[in-house]
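Colleague: I am new to this structure and would like to learn how to read its features one at a time. Could we put the model up and begin with a single residue?

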Number of protein chains: 2
Amino acid sequence: MHKTQQRADKDNVAALFESENVAVIGSIKESWFGGYVVISQLKKFGYKGDIYPVNPAGGEVLGIKAYKTLADIPATVDLAMIMTSYKAFPKIIEECSEKGIKAGIIISDGFAERAEKGSKLQQKIVKIAKKTGMRLIGPNTIGLVNTANGLVSNPYVLEYDKIYKGSIGIFGQTGLVGPQALPLEDTGYGISKICDVGNKCDVDENDILEYLGDDTDTDVIIMHIEDIKNGRLFIETAGKIVAKKPVLILKPGKTKESAKALASHTGSLAGEDRIYDAAMKQAGVIRVNSHVELMEYAKIFSHNPVLPLKNRVAIVTFTGGFGVMGIDAAVEAGLTLADLSAESRKKLSDIHPTLANNPTDLGPAMPVTADFGLLYRQVLDIIANDPNVDCMAIVTYVGMGLGSADIFTDFREKTTKPIAIWLYSQKPKKMFDFARELDISGVPVFSKWEHALGALGAMYKYSLIKEKFAGIRHKGSP
Amino acid sequence: MHKTQQRADKDNVAALFESENVAVIGSIKESWFGGYVVISQLKKFGYKGDIYPVNPAGGEVLGIKAYKTLADIPATVDLAMIMTSYKAFPKIIEECSEKGIKAGIIISDGFAERAEKGSKLQQKIVKIAKKTGMRLIGPNTIGLVNTANGLVSNPYVLEYDKIYKGSIGIFGQTGLVGPQALPLEDTGYGISKICDVGNKCDVDENDILEYLGDDTDTDVIIMHIEDIKNGRLFIETAGKIVAKKPVLILKPGKTKESAKALASHTGSLAGEDRIYDAAMKQAGVIRVNSHVELMEYAKIFSHNPVLPLKNRVAIVTFTGGFGVMGIDAAVEAGLTLADLSAESRKKLSDIHPTLANNPTDLGPAMPVTADFGLLYRQVLDIIANDPNVDCMAIVTYVGMGLGSADIFTDFREKTTKPIAIWLYSQKPKKMFDFARELDISGVPVFSKWEHALGALGAMYKYSLIKEKFAGIRHKGSP
């Protein structure tokens, strides 16, 4: 491909996220789905650009003038969100081309994910868009989120008013990475960008990976991938990015039966899992096993400022039983139990003899004090300062004098070593609020104890990947 | 062992759970731990027997007369809960023997889990108890729960007022199975009995397994086991029980490092994992991989009245992506995708053409109706009535017209086929309440989609185990 063309392609992918105006093409009648919802949510999430509703009826929607055709809009438009029936295609794409639109999000369904006829229609619109270099996302997508400019294309009603902003960039091939499926106000992990490529008629994982790789608002990239279109390019693109920031991938379709289902739901042909597995290893991306892991493991990176030096983990617990389970999970995740220094053991032993171990179980030391919070503070400080400890996995109980999140948010201020925390409690809702408080203060909370250890293991794995890939790049440059 | 002695041993284990009176030996001063808490909680949870506080100071606690010594109590006492310092031992056990007490729960710590001295003290008290046949639980335990008579020995303050009653019997070797660690009011899985054996100086997994096996209030037994004392007896006992009811086990300590930690925390020596693994298979128990799985898999049995005929699962989802992930999890759990009957496919297709698949994805059919609840009801009914379907895994969204739990609780009334459900939502707390409503109506909700499939797989596995073990027993009897 010609360099200038490559540049334009890339600029037009950027237009998807960063456009200063958007035409919303579709129904503007009040409904639970469609243009009306998109426009009201662009307003709700504070989209900074101009909004141009387009509908043959014209009129007004939510105080904004609607245009009967794209051509009627008295301004340059870079981005179109399209949610009409598939029957309006390909005409609508022709009109977008004529208007000089750089990028389109096709929310409409009825294309390659259905019958052959839909597949042909999809090919047709791509061909039209190619002529002017317009880039297309979808069809069959909920589209994009950009928390930097308030762009939210999701056509379903969102029951929250704010998307928690942060450094996690999300790519997905289905709507389950979208704001309608995730509690983005309540989770405590901040989002930079989200992109669901749907049928990926044009823009695919490689485009978005490259965009998020360059995006300064994104520190960690998580991807839900169902198939990879161009494996060689993927390995090359990911290899460049993992030298700078981690890429985590969930790739379902491990069995014949699931591969078949994949084909029917995205209109794509899935390859053999072992080929994907090898490609992901070669690309330096970290593969996870579930949707929950994908979402939560991102937090270990977004919440911890510094990568671990080695893989020596200290486990701090409130119940011996969880300590033992934690060791199993740690070893499985590629970690090893830190051998606490003589100095740390002396200090811990001075508080209570049973504490001088890893896992450090605070339970038996409880009788020495009624202030368990203070006990936690003392123990955490000693262990975080131990040169033999690279990262820490912490179990805490929410209740009994341990109801204050300050214990852990204060601790966060004191250490740059990676930490991961898991909570248990008699009161689930109290625990939920507690977790939220920790998360927004940079203490990553995990929903399963095994995930806390697994996430720390992923962070250690990434430290090795970064070393390897940054090194290779370095040698290769002049 | 002599038959009469066996009988008495067993009766005294029963006395632990079913005693009509209890002496609570320890501090009766108001505190966050100890005798005061136990007495107040026996009252709170409605313990049906007589309570006799015992403390050298005498006096009164919470309106109940305290006795200076056990001997002073003017009645027969069957059960003692002891939470004095370890320094009060072995004298206290001698006094219990003299009083004719059948069973004791030793909550006190400072025994085998500490130094050699503690180990000797532990041996001493067992020797004393043996003379009169008194059975001992502990030391270093939070003891028992029996929801049938309100017995709760847990010495820590419980922040809830009710333990949700049901058919799950829990055994554990640490406090993490206890009511202080679990949200037993809010989980929606009902408890029959809980037993934490702590250091298991006397009563062990075999005693409790046998007791729960005979207990008519218990339909499913879950065990957190750190070591097995008598493997041959365990295999024999479990083998008898799994012919009647399922037994699920979490056995940590898979690595050398965790086995070492086990030894220090329970004062027991852990064996090699592969030996345990083989023993569990031989015993017909189902091994799970995490604490969450242990607790949640119990629900698949307590909530579903009938075992599946075969392993053919139908997956109903609201997002195609989760359908694919569900297949991976199903295959991993030993299930296979049901091949829907022509009749079902016809009926589904009549609603919307894309529905006639397994997984059945309701997402693309959404445009046909604004009443997604009705759509779910129709689809669930068709699939549940399909003779090719043995069990169902369901994903639902909480929101957008799917906010009513009735859809699923009504469905529960209509089918005896095993079902498992997983929820996602924009609003975590709303989802929590929704889950609770489903759970108490017999629709088991799982915290991870993979766990929903894993639990259905465990139920199918148990159907094979039951067949095998009940068969063997059958052939063996006259």
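Modeller: Let us begin with A:Lys68, which is found in the loop between β4 (64–65) and β5 (79–82) of chain A; helices (H or I, at least four residues) and strands (E, at least two) are DSSP runs, numbered from the N terminus. This is a predicted model, in which local features need pLDDT of at least 70 and side-chain atom pairs count only at pLDDT 80 or more, while totals for chains, interfaces and linings use all residues. Residues are numbered from 1 along each chain as its sequence is written, chains are lettered from A and ligands numbered from 1 in the order in which they are written, and side-chain values use heavy atoms, with hydrogens and water left out.

Colleague: Leaving aside its neighbours within four places in sequence, which residues is A:Lys68 in contact with?

Modeller: Contact means heavy atoms within 4.5 Å. By that rule, and with neighbours within four places in sequence left aside, A:Lys68 is in contact with A:Val54, A:Asn55, A:Pro56, A:Ala57 and A:Gly58. For one of these, A:Asn55, the C-alpha atom is separated from that of A:Lys68 by 5.0 Å, although the two residues are 13 apart along the chain.

Colleague: What should I look for in the backbone of other loops?

Modeller: The bond from A:Gly138 to A:Pro139 is cis, with omega near -10°, and A:Pro139 has its place in the loop between β7 (135–137) and β8 (143–146) of chain A. In chain B, the bond from B:Asn358 to B:Pro359 is cis, with omega near 0°, and B:Pro359 is found in the loop between α11 (342–351) and β17 (360–361). A:Lys200, in the loop between β11 (191–196) and α5 (205–214) of chain A, has phi near 40°, a positive value in a residue other than glycine.

Colleague: How is chain A divided into domains, and how do I read the boundary between them?

Modeller: Domain bounds come from an automatic or database domain assignment, and for chain A this gives domain 1 (3–301) and domain 2 (304–464). Their centres, taken over C-alpha atoms, are separated by 38 Å, and 18 residues of domain 1 of chain A are in contact with 20 residues of domain 2 of chain A.

The size of an interface is often given as the accessible area lost when the parts come together. Domain 1 and domain 2 of chain A bury about 1600 Å² between them, 59% of it on carbon and sulfur atoms; buried area is the accessible area (1.4 Å probe) that two parts lose on being put together, summed over both. On the domain 1 side, A:Tyr297, A:Ile300 and A:Phe301 lose the most area to domain 2 of chain A, together 38% of what that side buries.

Colleague: How many salt bridges are there between domain 1 of chain A and domain 2 of chain A?

Modeller: Side chains of opposite charge can pair when their charged atoms come close. A salt bridge is a side-chain nitrogen of Lys or Arg within 4 Å of a carboxyl oxygen of Asp or Glu, and the count between these two domains is one. A:Asp439 forms a salt bridge with A:Lys299, the closest N and O atoms being 2.9 Å apart. Helix α9 (residues 291–303) of chain A gives the most to the side of domain 1 that touches domain 2, with seven residues.

Colleague: How are the two copies related?

Modeller: Copies are superposed by least squares on the C-alpha atoms of residues with pLDDT of at least 70 in both. Chain B can be laid on chain A with an RMSD of 0.0 Å by a turn of 180° and a shift of 0.0 Å along the axis, and the two copies are thus related as by a two-fold rotation axis. Of the residues of chain B, B:Lys429 comes closest to the rotation axis, at 3.7 Å (C-alpha). Since 100% of the interface residues of chain B are also interface residues in chain A, the copies meet through the same surface.
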